[in-house]
Amino acid sequence: MDRLDNTIRPYAWGSPTAIPNLLGVEPTGEPQAEMWMGAHPGAPSRTDRGTLVEVVDAGPEKELGPAAVARFGPRLPFLLKILAAGAPLSLQVHPDLTQAKEGYADEERRGIPVDAPHRNYKDANHKPELICALTEFDGLCGFRDPLEAAGLLDDLGVDSLKPYVDLLHAHPEDAALREVLTAILTADPDEMSRTVAEAAAACDRLGGAYAPYADIAHHYPGDPGVIAAMLLNHVRLQPGEALYLGAGVPHAYLQGLGVEIMANSDNVLRCGLTPKHVDVPELLRIVHFRAGDPGVLRPEASPDGEEVYETPIDEFRLSRYVLLEAGTTHDLTRPAPQILLCTAGSVRAGEHDLAPGRSVFVPAGEKAEVSGTGTLFRATVIA
């Protein structure tokens, strides 16, 4: 197995302290948002054999296993991250596989450069993802019941929100949600900025359930995403709890430290809370306008101590081991590629000692025995 040297991305919304504290190093004073573990060409992990992209390219079937290559192609199909949100991320949604393939092909056909700021589809893959909390973690996920959203907006006492409140009482519910989100994102920018300012002042005054939206407005003054965020479920995960975010589900992470895993893709359609491009027609084509419970996940324990976060896709499988007895060895050998990540304590993986934030890549079929006391996350595929 290969010890991984991983890149930390300094996005503006990142926490300056959460990842350094996990790694046991001094903060730099700059935001540290995500640590990437995998073979994404944007920031591949490094090993003694070269970057993980180079390692996989040199022998896909040896590194990934024949079954994974046959199913997903000659590339590692997932990207594992440690994510540290110190401020809200953009409100966003991801396409399904068919939409991604069609959207990518269309933009390629129209000659839009892949790095163009108005490009929606960076690749032809979907981007389902799972976030598992390491600390208390706040986020937004999926639409609230429209009547609940109407009550939340109405209690702000902002006259310019009244038309949205009326629309949210209409039927059917999916049409009501679509009409309101469309109205928010296509409103006159100056009028919306004033509405957001009034709503933010009311959120500050009311506190409680409105506190998350006051904080969002502080980071994104005048952004229509502040109002759009109030249409979504607010979720507070406790350590060990997770959210699965499938195609079409609007979401945003607000604050906290977590382990995130996703299909290896960059495809994002933004709804707000961002200075970046928002393609409203394409966004509305992708979003699933269904209200419901966000579905907090808790791991399912197996007899060997593995706790699995069950998801409906095969590009990734995330689980964890809470190791309590230093003398006990667990055999994690699997005919598929794996990344093992320590998040607490001290774990021995093969010949490598892993402190929090340290990780290894395990090629398909390679012996993978772990021991120690601590918490170990295991990322792999179902092939």
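A residue is called buried when its relative accessible area is under 20%, exposed when that area is over 50%, and partly exposed in between, as computed with a 1.4 Å probe on protein chains only. The structure shown is a predicted model, in which local features need pLDDT of at least 70 and side-chain atom pairs count only at pLDDT 80 or more, while totals for chains, interfaces and linings use all residues. Residues are numbered from 1 along each chain as its sequence is written, and side-chain values use heavy atoms, with hydrogens and water left out.

**View 1. Helix α5 and its buried face.** Helices (H or I, at least four residues) and strands (E, at least two) are DSSP runs numbered from the N terminus. Helix α5 covers residues 97-109, and the buried residues in α5 are Gln99, Ala100, Gly103 and Glu107. Seen down the axis of α5, these buried residues fall within an arc of 100°, so they line one face of the helix; the arc is that of the directions from the helix axis to the C-beta atoms. Their cover includes α12 (280-286), where contact means heavy atoms within 4.5 Å.

View 2. At the N-terminal end, α5 is capped by aspartate 96, which has a side-chain oxygen 3.2 Å from the backbone nitrogen of threonine 98. Just after α5, glycine 111 takes a positive phi of about 70°.

**View 3. Cysteine 271 in its surroundings.** Cysteine 271 belongs to strand β13 and is buried, with a relative accessible area of 3%. Leaving aside residues up to four places away in sequence, cysteine 271 touches Leu91, Gln92, Leu185, Val278 and Leu283.

**View 4. The largest cavity.** On a 1 Å grid over the protein atoms alone, a cavity is a set of points where a 1.4 Å probe fits but cannot get out, whereas a pocket is an open set with protein on both sides within 12 Å along at least five of seven lines, and lining residues have an atom within 4 Å of a point. The largest cavity has a volume of about 50 Å³, and its lining includes Leu91, Phe143 and Cys271.

**View 5. The largest pocket.** The largest pocket has a volume of about 990 Å³ and is lined by 40 residues, of which Tyr11, Trp13, Ser90, Arg270 and Lys276 lie nearest its centre. Elements giving two or more residues to this lining are β3 (34-38), β6 (78-85), β12 (251-263) and β13 (269-272), and the largest share, 5 residues, comes from β12.

Notes
Polar contact = N/O pair within 3.5 Å; in protein donor to acceptor, adjacent residues only side chain to side chain. Points joined across faces, edges and corners; volume = space filled by probe spheres on them.
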